[in-house]
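Welcome! Please take a look at the sequence and structure below, and then read on for a short briefing.

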Amino acid sequence: MSAPYAKLPGWADYGLIPLINLIVAFAVAGIVVLLVGENPLRAAVILVEGAFGGGQNIAYTLFYATNFIFTGLAVAVAFHCGLFNIGGEGQAYVGGLGVVAVALTLDGTFPWWVNFPLAILGSALAGALWALIPAFLQAKRGSHIVITTIMFNFIAASLMVYLLVDVLKPAGSMAPQTRTFLEGAHLPKLNWMLDAIGLPVRSAPLNVSFLLALVAAFVVWLIIWRTRLGYEIRTQGHSPKAARYAGIGEARIIIITMMISGALAGMMALNPIMGDQHRLQLDFVTGAGFVGIAVALMGRSHPAGIVPAAILFGMLYQGGAELAFEMPAISRDMIVIIQGLVILFAGALENLFRPTVQSIFASFTSTTPAVPATPGERA
Amino acid sequence: MDFFNVLILVLDSTVRLSVPLLLACLAGLYSERSGIFDIGLEGKMLAGAFASGAAAAVSGSAWVGLAAAILVSVFLALVHGFASITSRGNQIVSGVAINFVAAGATIILGQAWFSQGGRTPLLTGDGRFGALNLPFAAELRDVPIIGQIYSELLSGHSLLVYFAFFMVPFTWWVLFRTRFGLRLRAVGENPAAVDTAGISVAWLRYRAVICTGILTGVAGTYLALAQNAGFVKDMTAGKGFIALAALIFAKWRPVPAMFACLLFGFLDALSIRLQGSPLPLIGKVPVQFMQALPYILTVILLAGFIGKAIPPRAGGVPYVKER
C-alpha cells in the first residue's frame with residue numbers, strides 16, 4: 001500500500017502540525033465557552049494567570065503535571081510497540097496498592113528516604129502486574145489489548161472499592177480510605193525550590209515525585225532510543241513482520257513493553273498518595289490515566305514532548321480550578337472537553353491539516369522541482 | 001410461589017436494565033461489522049441522553065427529545081466517521097476523544113442551561129416514554145404463572161423496550177438478508193474486494209456509522225426519558241463499555257448479542273436484588289464482584305477459553321485505495 005502523504009521537514013512534522021492541531025482544539029473549546037455565555041479570551045487569561053501567576057500556582061501546576069508525566073510516558077512506551085494501553089487509569093489505581101503496602105507496614109520504622117525507593121518498587125510492581133494479564137493475553141492468545149485494558153480498568157475500580165470498603169478501611173471508620181500514614185511515609189515538598197528563585201509558596205503539594213517523573217522521562221528516552229530493547233520495541237511497533245523476520249520474540253517484547261508501561265502508570269500513585277493525601281482514597285487517580293493518552297499524543301510519544309504536554313495539562317487542571325472560581329458556569333469539566341478535543345485533533349485528526357501544510361510547503365519550494373523521477377529509477 | 005414472584009421481579013428488571021445495553025450493542029454491531037471500531041458508544045449514548053433530556057424538558061414532548069438525541073448522536077458518529085474514514089485516523093483514539101467530549105460537554109452545558117448541578121429538569125407525562133400495557137394484561141393478571149409472565153414480564157414496558165427487542169430480528173434481517181447487509185459485512189472483511197466491485201467503501205461505512213448514531217441516540221433516550229425522568233450527569237456509567245463487551249461476547253452477531261445483553265442485565269439485576277445477602281452454596285459474594293463480572297467474563301472469553309471471538313478482519317484499519 002502506498003503511503004497516503006509525502007514527507008515534511010522535521011520541525012514542521014513535530015512542531016508546526018501539533019501546534020496547529022492544538023490551536024484548533026482550543027478554538028473549538030472556545031466555542032463551548034461561548035455557548036455557555038462567557039468570553040473565551042477572558043477565560044483564557046484567567047486560566048493562564050491561575051496556572052502561572054505566582055509560586056503557589058506554579059507549584060500546583062507542577063504537582064498535577066507530575067501525574068501526567070507518568071501516565072503520558074506509560075501510554076507513549078506502549079505506542080512505540082504499536083500497542084494502545086487505555087488501562088493507565090486502572091494500572092495507576094492498582095499501583096496505589098503497592099504504595100500503601102510499603103507505607104502502611106514501614107511508615108513507623110524507616111524514614112522517607114528508605115520508604116520512597118521501596119514504594120517506587122511497590123507501585124511499579126503493582127502497576128506492571130496489572131498490565132501483565134492483558135499483555136499476556138495479547139501476546140499469547142491474540143486478545144485485543146484495547147478491549148482487555150478497558151475491561152481491566154473496570155475490574156480495577158471494583159477491586160479497589162472492595163478492598164477499601166471491606167479490607168483496608170480501619171475499624172470504626174466510615175470513610176472508605178486507609179489510615180493516615182505516619183511521618184515516615186510523607187514525601188518532602190519541593191516548595192523551597194520555587195522559594196529559592198523568588199516565588200514564595202504558602203503550601204502546595206509539589207513533592208520529590210516531580211523529580212522522579214523527570215528522571216523517569218529521561219530513563220524512558222534512554223530505553224527507547226539508546227538500548228537494544230528499545231530498538232526491538234520500535235521495530236515491533238513499526239513493522240511486526242520485520243520484527244519477526246529479524247528474530248525478535250514478539251510475545252516477549254509485547255509483555256516487557258506492557259509491563260514497563262504499567263510500571264510507569266503505577267508510579268503515578270506515589271505523587272497523590274505519599275506526596276499529598278498521605279492515605280489511599282477512593283478514585284485518587286481522577287482521570288489522570290486517561291489524560292496520559294492526550295499527553296502522549298500531543299507529545300508525539302517523545303519524552304521531550306511529553307513533559308511540556310504534561311505541564312500544559314497541569315496548567316489546565318490548576319488554571320481550571322481558578323477558572324471555576326471566577327466563572328461558575330465553567331466547572332472543571334471544561335478540562336475534560338479540552339482533553340477530548342486535544343485527543344481528537346492531535347490524535348485521530350492529525351492528518352486533517354497535513355495536506356494543506358504540505359501544499360503550502362510545496363509552493364515555497366516549487367522553484368526546485370520535488371524529487372525529479374528519472375526514467376532509470378523507475379525501471 | 002414466593003420464589004416464582006421474586007424470579008419474575010428479577011427478570012422484569014433484567015429486561016429494563018438490558019435494554020440500553022442491547023441498543024448500544026446493536027449500534028456497535030453496524031459500525032464494527034463495517035470495519036469501524038467504536039469505543040465511543042458510551043459517549044454517544046451519554047450525549048444522546050443529555051440531548052433528549054434537554055429537548056424534552058424544553059418542548060415537553062418525548063418525541064422531540066428522541067429526535068434531538070438521534071440528531072446529536074448521529075453528529076458525533078459522523079465526527080467519528082470523518083476521523084476514521086475520510087481522515088484515516090486511529091479509530092480507537094477518535095472513540096476515546098468522543099467519550100471525553102461528551103462527558104465534559106453534557107455537564108458544562110447542562111449546568112449552564114438548567115443550573116441544576118448538571119441535571120436536566122424532572123420530566124412528567126408526555127415528556128417521558130411511559131409504560132405501555134399490552135391488551136388483556138389486567139384481565140390475565142390472576143391466571144397462575146402465565147398471567148404473571150404476561151402481565152408483569154412482557155407487558156408494562158415503554159415503547160423503546162419493544163423497539164429494542166424488535167431491532168434484534170430486524171438487524172439480523174438487514175445484515176444477512178439484504179444487499180446492504182451483505183455489502184456491509186463484506187466491507188468489514190475485505191474492503192478492497194468491495195471497492196473492486198465498484199461500490200464506494202467510504203459511503204458504505206458512513207451509512208454504517210449513521211446507523212450506529214441512530215441506535216445510540218435511542219439508547220440514550222431510553223436512559224433519560226424511559227428509565228429515568230431526565231438526564232443525570234454520567235448516567236451511562238460504563239454501559240457503553242458493557243455493550244462493547246456484550247458485542248464481543250456475541251461474536252458480532254445480533255441474536256447472541258441479545259442474549260449477552262440479557263445475561264449482563266441479569267447479573268446487574270441480581271446484584272441489585274442481593275445487595276450482599278448470602279447465596280446458597282457460595283456464601284456471601286461482594287457486590288463489587290458481581291459488578292465486575294461482565295468484564296471478567298469478557299476477558300475470559302477474549303482469552304479464548306469460551307469459544308473464540310474473531311473480530312471483522314478489516315476492523316480498525318483505514319482503507320487506502322491502491323494507487
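What pLDDT does chain A average? Chain A averages 86, and 94% of its residues score at least 70; pLDDT is the predictor's confidence in each residue, from 0 to 100. This is a predicted model, in which local features need pLDDT of at least 70 and side-chain atom pairs count only at pLDDT 80 or more, while totals for chains, interfaces and linings use all residues. Residues are numbered from 1 along each chain as its sequence is written, chains are lettered from A and ligands numbered from 1 in the order in which they are written, and side-chain values use heavy atoms, leaving out hydrogens and water.

**Confidence**
- In chain A, residues 372–379 have a pLDDT below 50. Beyond near neighbours in sequence, this stretch has one contact (heavy atoms within 4.5 Å) in the model.

**Packed helices**
- Helices here are DSSP runs (H or I, at least four residues), numbered from the N terminus.
- In chain A, helix H1 (residues 10–36) packs with helix H15 (residues 333–348) at an angle of about 145°, and their axes are 9 Å apart. Axes are lines fitted to C-alpha atoms over the stretch in contact, and angles run from 0 to 180 degrees between N-to-C directions.
- Among the residues that meet are Phe26(A) in H1(A) and Phe345(A) in H15(A). The contact of H1(A) with H15(A) has 15 nonpolar, one polar and no charged residues.
- In chain B, helix H3 (residues 62–86) and helix H10 (residues 201–227) also pack at about 145°, with axes 7 Å apart. The contact of H3(B) with H10(B) has 16 nonpolar, eight polar and one charged residue.

**Nonpolar cores**
- A nonpolar core is a set of buried Ala, Val, Leu, Ile, Met, Phe, Trp, Tyr and Cys residues joined through side-chain atoms within 4.5 Å. Buried means under 20% relative accessible area (1.4 Å probe, protein chains only).
- The largest nonpolar core has 203 residues, and those with the most contacts inside it include Phe68(A), Met334(A) and Ile39(B). Helix H3 (residues 55–80) of chain A gives the most to this core, with 14 residues.
- Leaving aside neighbours within four places in sequence, Ile39(B) is in contact with residues including Val146(A), Ile150(A), Phe241(B) and Leu244(B).

**A closer look at Asn57(A)**
- Asn57(A) is found in helix H3 of chain A. Why does Asn57(A) count as buried? Asn57(A) counts as buried because its relative accessibility is 14%.
- Leaving aside neighbours within four places in sequence, Asn57(A) is in contact with Glu49(A), Gly50(A), Ala51(A), Phe52(A), Gln318(A) and Glu322(A).

Definitions and conventions
Helices (H or I, at least four residues) and strands (E, at least two) are DSSP runs, numbered from the N terminus. Ala, Val, Leu, Ile, Met, Phe, Trp, Tyr, Cys and Pro count as nonpolar, Asp, Glu, Lys and Arg as charged, and the others, Gly among them, as polar. Buried means under 20% relative accessible area, exposed over 50%, partly exposed in between (1.4 Å probe, protein chains only).
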